[in-house]
Amino acid sequence: MEVGQKLKQARLKAKLTQDQVSEAIQVSRQTLSNWENERYCPDIVSVIKLSDLYNTSLDELLKGEKMKTDNNVFANVEGQKNILIFNLGTLISDSSPYSLKMVRAMKKVAKIYKMDLTVKETSYKRIDSEGNEADIILLSPELYGREVEAKTKYPDKIVQVIDKRDYGLVDAENVLKKYCNTIY
C-alpha cells in the first residue's frame, strides 16, 4: 500500500472528512486530496500533525507497521522513570521547538504503551540544578560535545545524545527503544 492510500485509510479510520483534517492541520482540502491521491507527498511537519490527529505512530501511519507487543521493550516498565531532555535553548527561552515536539511525542508513546514516564525538556544551562531529578538524561544533537561533561557530572545516570535522525524526525518510539531499553 502506498503512502497516499495509508493516509486516506487512517483518515477514514478516524472518521474524519478531508475538510475536517485540512482545517485541523492548516492545509487546503485540495492539498490533502493531492496527498491521498499520491500526486504529492506531505512534508514531515504535516505528517507529524496527521500522526497526532489520527492518534497513531509515524511508523503505523507511513509504513503500516504497529509495534509488536510480544517483544515490546516497553512491556516491562516498573515504576515511574524521569527523562530529561537538555537542549541549547534560545535567546528568549529555555525551550527548543524540536525538544518540545519530542517531549509531546514521547508522552504520546508512553501513554500508548502505558509507561509511567515523566518527560521534560529544558536548556543545558540548567543541568546542574535539574539533572539530579532524571533517571535518564538525553541531550539534543547540537549538544554532542557536552556528553562527556554531562556523564562526568552524573556518573550514576544514563546520559546519551539523541540521534540526529530520530531527533529531526521526532521519532519518539525509536528514542525510547534505544535509550530507555537500558533502564527497563
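Lysine 151 and glutamate 147 both sit in helix H8 (residues 147-153). They are 4 residues apart, about one turn of the helix. Helices (H or I, at least four residues) and strands (E, at least two) are DSSP runs, numbered from the N terminus. The two side chains form a salt bridge, with the closest N and O atoms 3.2 Å apart. A salt bridge here is a side-chain nitrogen of Lys or Arg within 4 Å of a carboxyl oxygen of Asp or Glu. Glutamate 147 is buried, at 16% relative accessibility, whereas lysine 151 is partly exposed, at 37%. Buried means under 20% relative accessible area, exposed over 50%, and partly exposed in between (1.4 Å probe, protein chains only).

The model is predicted: local features need pLDDT of at least 70, side-chain atom pairs count only at pLDDT 80 or more, and totals for chains, interfaces and linings use all residues. Residues are numbered from 1 along each chain as its sequence is written, and side-chain values use heavy atoms, leaving out hydrogens and water.

The whole structure holds 9 salt bridges. One of them joins lysine 120 to glutamate 133 at 2.8 Å, N to O. This pair links distant parts of the chain, 13 residues apart. Lysine 120 belongs to strand S2 (residues 117-123). Glutamate 133 lies in the loop between helix H7 (127-130) and strand S3 (136-139). Lysine 120 is partly exposed, at 35%, and glutamate 133 is partly exposed, at 38%.

Arginine 146 and glutamate 149 also meet in a salt bridge, at 4.0 Å, N to O. Arginine 146 is partly exposed, at 38%. Glutamate 149 is partly exposed, at 33%. A network of salt bridges links Asp128, Arg146, Glu149 and Lys153.
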